[in-house]
Amino acid sequence: MNFSLAPRTARSALTIAALVFLLPACAPPGGAAASETMSADTSSWRSLTGPDLGELWRGYRADSIPSAWHMVGDTLTKSVSTDDIITREPYADFELQLDWKLSSGGNAGVFYRATEEYDHIYWSGPEYQLLDDAGHPDGRNRLTAAASSYGLYPSEAGVVKPANEWNSTRIVVRGSHVEHWLNGKKLVDFELGSPDWKARVAKSKFSDWKDYGRAAAGYIGIQGDHDGTLSLRNIRIRPLD
């Protein structure tokens, strides 16, 4: 892995952000209906796929994108274990949408509000789990199954599609409120920094990293360090002001 650090200004801003402890916030008015409404406005969406991936993504704690990640038509894909990638820009509040599929037994994840202060991205950024539930051991536990907030909040069974079929994911982060959607259904809903969240973190492996999930802004990341093929398409993000 190339561990050359990101530009000093970006690192400094995110280091400061990582020290910001989020206070619990109420869910958006209207619950699920309000979240569905957010998808209707297409004017501020930014595509995160294109022929020049290096303009949109780079390796975690690196200046360039690992060669195993590449575009095949309109699909971002990797077929071997490789380094994780992160967006060039950090995001605070946002709505992220993407389609994904995994080969049999596949395992990956989407990180958000991740910083580069640690050796590994999952030490700072919460993870939306991408998984072949039927073919991977993590699928036997809803805390580590598809669409879960990995290790903290379980997802509902029976929503993810089988290996090699496309799934649609949506992640909404506004203030401390987080929603995980899969194939049109909201499966996870929680508050970063709430007493419940802190209690769950304290009982998990993430308790070893004091700044886990506490940054007010950070990068979107895609996990690459598992074997198998991961394909993603229609990746787009909309900052929420």
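Mentor: Two strands pair if DSSP finds at least two bridges between them, and strands themselves (E, at least two residues), like helices (H or I, at least four), are DSSP runs numbered from the N terminus. The model is predicted, so local features need pLDDT of at least 70 and side-chain atom pairs count only at pLDDT 80 or more, while totals for chains, interfaces and linings use all residues. Residues are numbered from 1 along each chain as its sequence is written, and side-chain values use heavy atoms, with hydrogens and water left out.

Trainee: How do you know that strand 10 and strand 11 pair, and in which sense?

Mentor: DSSP gives six bridges for strand 10 and strand 11, in the antiparallel sense, and the rule asks for at least two. One of the bridges joins His177 to Glu191 in strand 11. The two strands form a hairpin with two residues between them, and Asn183 in the turn has a positive phi of about 50°.

Trainee: What makes strand 9 and strand 10 a pair?

Mentor: Six bridges in the antiparallel sense make them a pair. Arg174 has His177 in strand 10 as its bridge partner. This hairpin also has two residues between the strands, and Gly175 takes a positive phi near 65°.

Trainee: Why is strand 10 described as mostly covered?

Mentor: Buried means under 20% relative accessible area, exposed over 50%, and partly exposed in between (1.4 Å probe, protein chains only). Six of the six residues of strand 10 (177-182) are buried. Both faces are covered: His177, Glu179 and Trp181 are buried on one side, and Val178, His180 and Leu182 on the other.

Trainee: Which class of accessibility does each partner have in the salt bridge of Asp133 and Arg142?

Mentor: The closest N and O atoms of this pair are 3.2 Å apart. Asp133 has 14% and therefore counts as buried, whereas Arg142 has 21% and is partly exposed. In another bridge, Asp211 and Lys210 meet at 3.3 Å; Asp211 is buried at 5%, and Lys210 is exposed at 60%. The whole structure holds twelve salt bridges, and some link Glu95, Arg170 and Arg238 in a network.

Trainee: What do the arginines Arg170 and Arg238 lie over?

Mentor: A charge sits over a ring if NZ of Lys or CZ of Arg is within 6 Å of the ring centre and within 35 degrees of the ring normal. Arg170 sits over the ring of Trp181, 4.6 Å from its centre, and Arg238 lies over the face of Trp45 at 5.7 Å.

Trainee: How many aromatic pairs are there, and what makes Tyr122 and Trp209 one of them?

Mentor: Rings of Phe, Tyr and Trp (its six-membered ring) pair if their centres lie within 6.5 Å; planes under 30 degrees apart count as stacked, over 60 as edge-to-face and the rest as tilted. The count is nine. Tyr122 and Trp209 stand at 5.9 Å centre to centre with 85° between the planes, and are edge-to-face. The pair ties together two loops, at positions 87 residues apart in sequence. Tyr122 is partly exposed at 26%, whereas Trp209 is buried at 15%.

Trainee: Why is the pair of Tyr153 and Phe190 given its class?

Mentor: The centres are 4.6 Å apart and the planes stand at 10°, so the pair is stacked. Tyr153 lies in the loop between strand 8 and strand 9, and Phe190 in strand 11. Tyr153 is buried at 8%, as is Phe190 at 3%.

Note on methods
A salt bridge is a side-chain nitrogen of Lys or Arg within 4 Å of a carboxyl oxygen of Asp or Glu.
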